[in-house]
Amino acid sequence: DRWLDESDLVLCLGSVEPDPVFGFTGGMHTIAPGCAGLETIRASQDLLVARDSPVLTGRSADSNPIRQDIEEAGGMVPTEVFVVNVVHDRVGGVAAAYAGDPQRVAEASHAEWRRQCVVRVDDAADVVIVNAAPYATDMRGCLRAIASGAAALRENGALLVFLSADGSGARHRESPKLPPTALFSLYLQAINHGRILKYARK
């Protein structure tokens, strides 16, 4: 976006939460893909498609090539970038806020989110039930719940997702590279080792 180049200061405001593609939101995530053009977004999606397992929820930059990509893209902005990110607790309240350098804010806020919201399980489960609220408006929104729940699921287990969606992902602009329904299918394949279970609609 040319405004990034022409501004004296870029102020990025947002919340931090796990993201199935970028690991977490927050930090430079507001710049790329937040202010990025379609070509840049497509390039990031190509990295996702090329991976054997695209489940990257909660991954930091050192183990997430797509996160590394947006950090590099954000670092190309010639203008000073100042980030303000909030971290929510398990019930949606504000647990903490961080401001300043995007990378330092991301590191601190991601660590805080883990302290606030990570639930540790001793053994993988045969069945995991998750609720996609408040993002359960379409299939793309429920990917957060799918990716988070899959971490506690044993191989060939069953993941049940409750959502209130139209089932098409039509509320989001579909990327020419990877539409929401294709992204949804891609995650199911990765999580369930190639086995896609049918979903029921009331």
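What share of the contacts in the protein with a separation of 6 or more comes from residues 24 or more positions apart? The share is 69%, where a contact means heavy atoms within 4.5 Å.

## Getting started

This is a predicted model, in which local features need pLDDT of at least 70 and side-chain atom pairs count only at pLDDT 80 or more, while totals for chains, interfaces and linings use all residues. Residues are numbered from 1 along each chain as its sequence is written, and side-chain values use heavy atoms, with hydrogens and water left out.

## The overall picture

Let's begin with the whole protein. Its secondary structure comes to six helices and seven strands. Both kinds of element are DSSP runs numbered from the N terminus: helices are H or I with at least four residues, and strands are E with at least two. If you follow the sequence along, the pattern reads α-β-β-β-α-α-β-β-α-β-α-β-α.

The protein has 202 residues, and 37% of them count as buried. Here is the scale: buried means under 20% relative accessible area, exposed means over 50%, and partly exposed lies in between (1.4 Å probe, protein chains only). The protein exposes about 11600 Å², with carbon and sulfur atoms supplying 52% of that area. Accessible areas come from the Shrake-Rupley method with a 1.4 Å probe, and for residues only the protein chains shown count as cover.

## An open sheet and a helix across it

Now look for strands β1, β4 and β5. These three strands form an open sheet in the order β1-β4-β5, with mixed pairing; two strands pair if DSSP finds at least two bridges between them. β1 and β5 (94-100) stand at the edges with a single partner strand each, so one side of each has no neighbour in the sheet. From one strand to the next, the twist averages 10°.

Strand β4 (residues 80-88) pairs with β5 in the antiparallel sense over six bridges. You can find His-88 standing opposite Val-94 in β5. Helix α4 lies across β1, β4 and β5, and runs at about 5° to β4. For such angles, axes are lines fitted to C-alpha atoms (for helices, over the stretch in contact), and values run from 0 to 180 degrees between N-to-C directions.

## Three salt bridges

A salt bridge is a side-chain nitrogen of Lys or Arg within 4 Å of a carboxyl oxygen of Asp or Glu. How many salt bridges does this rule give? The count is three.

In helix α3 (residues 65-75), Glu-71 and Arg-67 are four residues apart, about one turn of the helix, and their side chains meet at 3.1 Å, N to O. Glu-71 is partly exposed at 21% relative accessible area. In helix α4 (residues 102-117), Glu-112 and Arg-115 are three residues apart, again about one turn, and their N to O distance is 2.6 Å.

Arg-154 is partly exposed at 37%, and Asp-126 is partly exposed at 46%.

## A closer look at Arg-67

Arg-67 counts as buried because its relative accessibility is 2%. Which residues surround it? Leaving aside neighbours within four places in sequence, Arg-67 is in contact with Phe-22, Phe-24, Thr-25, Gly-26, Gly-27, Met-28, His-29, Ala-61, Ala-106 and His-110.

## A nonpolar patch and a buried alanine

Leu-9, Leu-11, Leu-13 and Phe-82 make a nonpolar surface patch of about 390 Å². Patches are made of residues with over 30% relative accessible area and no salt bridge: like charges are joined within 9 Å, and nonpolar side chains (Val, Leu, Ile, Met, Phe, Trp, Tyr) within 5 Å. Strand β1 (residues 9-16) gives the most to this patch, with three residues. Leu-11 is in strand β1 and counts as exposed because its relative accessibility is 52%.

Finally, find Ala-147 in helix α5 (residues 143-150). Ala-147 is buried, with a relative accessible area of 5%.
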